[in-house]
Amino acid sequence: MFEAIISGIGHTPFRAHEDSLETLLTSAVREALDDASTPASEIDEVFIGHFGAGMDPQGFVSSLVLNADPAFHLKPVHRLENACASGSAAVHAAVRAVMSGQSRCVLVAGVEKMSACGHVGQALATASYQAEESQFDSFAALFGEIANRYFNRFGNHETAMAQIAAKNHQNGLDNPLAQLRKDLSVDFCTAVSDRNPRVAGPLKRTDCSPVSDGAAALVISRPENVHTPSNAVRFRAIAQGNDYLPISKRDLSELRGCREAWNLAFRRAQLSGVSDLDFVETHDCFTIAELMQYEAMGLTEPGQGYKALQEGWVMAEGRLPVNRSGGLKAKGHPIGATGVSMHAMAALQLQGRANAMQLEGVSRGGVFNMGGSGVANYVSILSL
């Protein structure tokens, strides 16, 4: 089996862009190739994460990558979709292509253009189980129900959710690519106000990630095909598992698929657990999701995710910083680009190139990207 190495990173700012989906995609691709010092002619395959769901008129996106460089002409390009984990679906497919020996050097990109769409909520709601869940007209409504189920079992933890929002906004101030670079206090995120109204159930506006446009890209290679060894970050393990789509078949007070994906990744990486990681980038589409993910990754016992915040473990100076990039909450959440971006942020940390976001002495990090309401679950463990 071959090793898979991240050797190049490209990343547009996440925000509402005037630029087209094509421009965002080609910009990130060119930046990743330049960063890897790898010409497009050396790329064997391309993998693109894109949710689509009618949010942009350009629904067929795979061959747009050819417009980044004519040397991509007639190379195989694959578009992957797994709801909000579409980017990680592309990353994992690319890693498997390299590790299997099928390809020597691949490009993976993720892209989404959401801000110009007048029906984003409806588009995202298609990732729920329509046969039973059509009453949830948005994913905020669905995660509001998840929060209610969690509170019913473990008590009200809106304060912990507010602490997550404030933490990730504070982290986002250090990320020049982040969409919401706003310093929001825990008190502001806790209180219901005109600026922070209820959205669904216990979720307030500050509990929800924004509508975003953006793209991210990675060059992934075998070690012998890495042109800039100082930038090399390797995949120590990848793991993925899908839970049932209908919420009626799941206990919504826990994220079982997330837990199982983490456990499988730890076994494959030959690690004892989350204590062996230096940091994590995790899928905080809503603050309740990050809170529950602390428990699923094994940082706390079920129902005690709030302790990770009370004790400061997940803060930038804590024993396991979580979402130092600002996470989806502050960095932004352009669906198809999100998983690729999370891997890019983790790789920059390991390379020591995270600038104001940089953590000290890190050598191993984890990424968790989730599609749907805890349905598609992807974990990557990256190391030097």
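## Reading burial, helix packing and salt bridges

Tutor: Start with S88, which counts as buried, its relative accessibility being 0%. Keep in mind throughout that this model is predicted.

Student: In which helix is S88 found, and which residues does S88 touch?

Tutor: S88 is found in helix α2. Leaving aside residues up to four places away in sequence, S88 touches G339, V340, H343, N369 and Y378.

Student: How many of the residues of α2 are buried?

Tutor: Burial is judged residue by residue, with under 20% relative accessible area as the cut-off. In α2, 12 of the 14 residues are buried, so the helix is mostly covered. Among the buried ones are G87, A90, H92 and V95.

Student: What does the span of α2 come to, from the first C-alpha to the last?

Tutor: The helix runs over residues 86-99 and reaches 20 Å, close to the 20 Å expected at 1.5 Å a residue. Just after α2, G101 has a positive phi of about 90 degrees.

Student: How are two packed helices described?

Tutor: The description uses the angle between the two axes and the distance between those axes. Take α6 (residues 158-172) and α9 (residues 287-296): their packing angle is about 100 degrees and their axes lie 9 Å apart. An angle from 65 to 115 degrees counts as roughly perpendicular, and α6 and α9 are therefore roughly perpendicular to each other.

Student: Which residues meet where α6 contacts α9?

Tutor: From α6 come A160, M161, I164, A165, K167 and N168; from α9 come T287, I288, E290, L291 and Y294. By class, the residues of this contact of α6 with α9 are 7 nonpolar, 2 polar and 2 charged.

Student: Which salt bridge do K167 and E290 form, and what is its N to O distance?

Tutor: The side chains of K167 and E290 meet in a salt bridge at 2.9 Å, N to O.

Student: How many salt bridges are counted in the model?

Tutor: The count comes to 13 salt bridges.

Student: Where do E145 and R149 lie, and how many residues apart?

Tutor: The general idea is that an α-helix has 3.6 residues a turn, so residues three or four places apart point the same way. Here both E145 and R149 belong to helix α5 (residues 139-154), 4 residues apart, which is about one turn of the helix. Their salt bridge has its closest N and O atoms 2.8 Å apart. E145 is partly exposed, with a relative accessible area of 22%, and R149 is partly exposed at 34%.

Student: How far apart are the closest N and O atoms of D174 and R324?

Tutor: In the salt bridge of D174 with R324 these atoms are 2.7 Å apart. The pair links distant parts of the chain, 150 residues apart: D174 sits in the loop between α6 and α7, and R324 in the loop between α10 and α11. D174 is partly exposed, with a relative accessible area of 27%, whereas R324 is buried at 10%.

Student: Which residues are linked in a network of salt bridges?

Tutor: One such network links E158, R198 and K204.

Key. Residues numbered from 1 in each chain as written. Predicted model: local features only at pLDDT ≥ 70, side-chain atom pairs only at ≥ 80, totals over all residues. Heavy atoms only, no water. Axes fitted to C-alpha atoms, helices over the stretch in contact; angles between N-to-C directions. Helix = DSSP H or I, 4+ residues; strand = E, 2+ residues; numbered from the N terminus. Parallel < 35°, antiparallel > 145°, perpendicular 65-115°, else oblique. Contact = heavy atoms within 4.5 Å. Nonpolar A, V, L, I, M, F, W, Y, C, P; charged D, E, K, R; others polar. Salt bridge = Lys/Arg side-chain N within 4 Å of Asp/Glu carboxyl O. Buried < 20%, exposed > 50% of the residue type's maximum accessible area, 1.4 Å probe, protein only. Expected span 1.5 Å × (residues − 1).
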